[in-house]
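Open the model in your viewer and keep the selection tool at hand. The stops below go one by one.

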Number of protein chains: 2
Amino acid sequence: MKRTINLKGTAKELAQQLSEESCKKTIVIFGFCKAIFDGRIKSFLPGGDRLLIVKKDESLILHGSKGVKPLNWQKSGAGKINYSAKGSTLVVSTFRPKTKETLEILFTRVYQTTTFDDHDSATLNIFGSESDLSDYLFDHPEIIGPDFQPTTREYETPFGFIDLRGVDKHGNIIIVEVKKQSATPADAHQLKRYVDYFQDVEKVSVRGVLVAAGFSEKVLSLLRTYDFKPVVVFWQEIFPSKATLNMSHTLDDFYNNNPK
Amino acid sequence: MKRTINLKGTAKELAQQLSEESCKKTIVIFGFCKAIFDGRIKSFLPGGDRLLIVKKDESLILHGSKGVKPLNWQKSGAGKINYSAKGSTLVVSTFRPKTKETLEILFTRVYQTTTFDDHDSATLNIFGSESDLSDYLFDHPEIIGPDFQPTTREYETPFGFIDLRGVDKHGNIIIVEVKKQSATPADAHQLKRYVDYFQDVEKVSVRGVLVAAGFSEKVLSLLRTYDFKPVVVFWQEIFPSKATLNMSHTLDDFYNNNPK
DNA sequence: GCCTAGGTCCCGTGA
DNA sequence: TCACGGGGCCTAGGC
């Protein structure tokens, strides 16, 4: 049985077939279309060649000729996707009742329509997220400083969760904010909120540490103002061995070239 | 001349053809694949049916059966996309020298390979972005308060740009932060940074106003703590007429149904 | 090139 | 269900 089928017919016939296949197969349309979205914003997309994907969960993605981001899209959870014909034009439209969002795509030319009977039970396996990094710092406190002793991960405050909390040898509280990417001014301010909170609540000296992959001069200046310590960590250099270890069995499968 | 062509052949022949079409046409592969990404994170994607898009700008998008977001992707600007064959497996791989990021996709089965000779010079026309909303408030200051007089848009401070600045009838400075969506705690804190800055620098009384589509109880509580004013604005109800007016000529084109 | 901020952000998690 | 925060965020705009 073929996994992909290329449909033929007039706009009306296509609309009929697509309505039947909707939610059963992934639908891909290559064609010339315009699109209009009305919801959180209004957008109008003039005519051009585009690639439309409609998945079985009724998420819809309209891709242009450039970039990773679609031109228009609709998350799953909207109402049924509607396929219809206006003369020789194939119309694909969605309406999300809750937010009153509408998306209408008008294909004045359809070059190819493909249905894809795809099966996929796999889930993406990721290593190196921010929480992995905080775990790593908990196990390698010397990266923060020679006398840093971690005590708590994900400590809750009214202002949010503190990534990592600990003490130095004098018993001073140290609060660590962990970022995977380069630090932003907002990161520095977020840390300031936490430090202020603890100084108010615990009435003791609190030190702030911001861990990130890089620091701009502007952020460094902010950190000096607040008397916080920046710590640069090159995650990509730290993690490869551990990640490879963790994923080694799946990687074996990968390179052994045996499907599933 | 046909806009879409479905390629045939062994993995080796496909790899050869795709190498030639790369950057000239959009390439779409329906197949069973695994994928591994190593860069800012590491990810491993076990085997499953997927849809791969490679655009002419060498952006690459691998879609699974659900959701708007791709499973794996690569922005344009990486090195050349490489197509090769390992036995009967079609391998698509990328390498971004600057960040040393690699993505390798192994198709053990290819159901269909389509090239799309797409032409698109259109640009997406958007109305209702945050800056449009700030402009609107500048022209309709009464929404902020009966005695609000706007003075400046996009006022720069060391802590970032203030969306909207003005004064009340007593000459007090009013700082307005504008959000299109529901307000988050971070929005409240961002406003606090601006207000603190002005109080420090100008040594005058400063009032803070947060405009958003909605406020959670937690955010309202924060605003009370800081003595800031929340203003709820239903952008979707405010904008339709203006947006339609602005876009009326393009909308005429749209509904007149004449391609391009 | 880096830095900054917005997004129809999307998406997972937890209450 | 909603609120909150991360993301390989992506992308546009400034400098």
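Predicted model: local features only at pLDDT ≥ 70, side-chain atom pairs only at ≥ 80, totals over all residues.

Residues are numbered from 1 along each chain as its sequence is written, chains are lettered from A and ligands numbered from 1 in the order written, and side-chain values use heavy atoms, without hydrogens and water.

Color the DNA atoms within 4 Å of the protein. Sugar or phosphate accounts for 76% of them, bases for the rest.

- E130(A): a backbone N or O atom lies 3.0 Å from one.
- S216(B): a polar side-chain atom lies 3.0 Å from one.
- K69(B): a side-chain N or O atom is 3.5 Å from one.

Next, select the interface of chains A and B. The contact (heavy atoms within 4.5 Å) takes 86 residues from chain A and 83 from chain B. About 7,100 Å² is buried between the chains (accessible area lost to a 1.4 Å probe, summed over both), 61% of it on carbon and sulfur atoms.

How many salt bridges cross the interface of chain A and chain B? The rule (a side-chain nitrogen of Lys or Arg within 4 Å of a carboxyl oxygen of Asp or Glu) finds four. Show D120(B) and R50(A): they form a salt bridge, with the closest N and O atoms 2.6 Å apart.

Note on methods:
Near = heavy atom within 4 Å. Polar contact = N/O pair within 3.5 Å; in protein donor to acceptor, adjacent residues only side chain to side chain. Buried area = accessible area lost by both parts, 1.4 Å probe.
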